[in-house]
Amino acid sequence: MNTTLWTKNYIRLLVATIFGCIGGVVSNFALSFLVFDETNSIFASSIILAIQFIPGFIVPLILAPCMDRYSRKVFLVGGDIINGILYILAGIYLMNYPFHYIGYLFFSLFLAMISSADQLAYNSIYPNVIPKGMEEKGYSVSALLYPVLQVIMMPIAAFLMEYIGISWILLLQGILSILAAIIERKVDIKQVFYKDKEPFSFSLWYQDMKEVFDYLKNEEGLKRMFSYMAMTNGINVGYSPLFVAFFRRTPGLTSALYALFSVAEFIGRSIGGIFHYHVKIKKAKRFYFVYGVNQIYLLMDMCLLWIPYPWMLVNRGICGFLGIQSATTRQSTIQQYIPDHMRARVNAYLDICILLMGSIFTILIGIVGEYLNAQITITLCAVFMSVYYIKTIWIKRSEVKKVYETMIIE
């Protein structure tokens, strides 16, 4: 009997993801330029990004044990509904009142609380809708989905930002989030619950989280993968204000040209996604494949802003191809490796590490960006990450290889 990836549950969750991503791409693009235009400061933009990470330290710690003991779908659906309502209210506010920086800080903080819970639930649910042995294909599709929507929606976002305004864009995001929640309610998720559904208490929470840390103590390879993922994600988030400032301040460059970065990356990711969907990488070669891909990616970051604009697009295309190889292989491996009854809690640990590094590097890069130009700052960060990757992953490669070599591939 042939196993297919395209079950009803998988398709439904994919459609809901599409609705959420469409609104997210448009609203995030527009808001990033709104903040910079209002403040004209890289550091002020970095503060906005950094404050969004704060709930990520608290929400996963509190909710992860609950998501392993109770229905994760409730958190997913509820999160998208609340997220939709918040964006609708924000759109209505901007229709009637001017932008307020401090107010937007608090709005971002509250929205980040909901998004943190929603993302943790989604990451823990997604492996449950993928048939066994189809993880590589499933994560290839999800990794390709966002860049596809980026290339479609970011030019549209640039157009909408100019002609209909931020407020209507936020209303669109709110409506799409609610539609996503309606579809998610129909997804039938078979979750392996952790022990009994006991009433929540602090001692129970402590026991659940302690079990995760005890588990990770014996997982050196997994911890090192988490460490690198947290660092590289944190630095990449910190790049965002630098790119916005670079395209605003450099003669001949515009927000529309910045949006074309996503087009180039989409082309690379599309080719890479098709490649990864059809090509199976042997267990013995998976570690070396991912390691080489990541080092080349960092090399491309080092030279990105030093080359003419057309070559920047080529650079992003290559990075799109490389990025999807690394992310898909790594993510499918990790999610299959983690026991289902611990997945929400282990994912929460990873999310907290990523958010911690994201907040730290967003501030640090924002400060450095006030004194050094974007070209030098991004190059220095990429060099640092290349060295960190060698020390974290390559030196202890025997431990990391154990994680990659447990992957079941059909």
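**Helix packing**

Mentor: Two packed helices are described by the angle between their axes and the distance between the axes. Here helix 11 (residues 283-303) packs against helix 14 (residues 374-394) at about 165 degrees, the axes being 8 Å apart. Helix 11 is therefore roughly antiparallel to helix 14, a label for angles over 145 degrees. Axes are lines fitted to C-alpha atoms over the stretch in contact, with angles from 0 to 180 degrees between N-to-C directions. Helices are DSSP runs (H or I, at least four residues), numbered from the N terminus.

The model is predicted: local features need pLDDT of at least 70, side-chain atom pairs count only at pLDDT 80 or more, and totals for chains, interfaces and linings use all residues. Residues are numbered from 1 along each chain as its sequence is written, and side-chain values use heavy atoms, without hydrogens and water.

Trainee: Which residues of helix 11 and helix 14 meet?

Mentor: Contact means heavy atoms within 4.5 Å. From helix 11 the list includes Phe 287, Tyr 291 and Leu 298; from helix 14, it includes Ala 382, Tyr 389 and Trp 394. The residues of this contact divide into 14 nonpolar, four polar and one charged, where nonpolar means Ala, Val, Leu, Ile, Met, Phe, Trp, Tyr, Cys and Pro, charged means Asp, Glu, Lys and Arg, and polar the others, Gly among them.

Trainee: How many helices does the protein have?

Mentor: The protein has 15 helices and zero strands (strands: DSSP E runs of at least two residues). Of its 410 residues, 55% count as buried, meaning under 20% relative accessible area with a 1.4 Å probe, protein chains only.

Note on methods
Buried < 20%, exposed > 50% of the residue type's maximum accessible area, 1.4 Å probe, protein only. Parallel < 35°, antiparallel > 145°, perpendicular 65-115°, else oblique.
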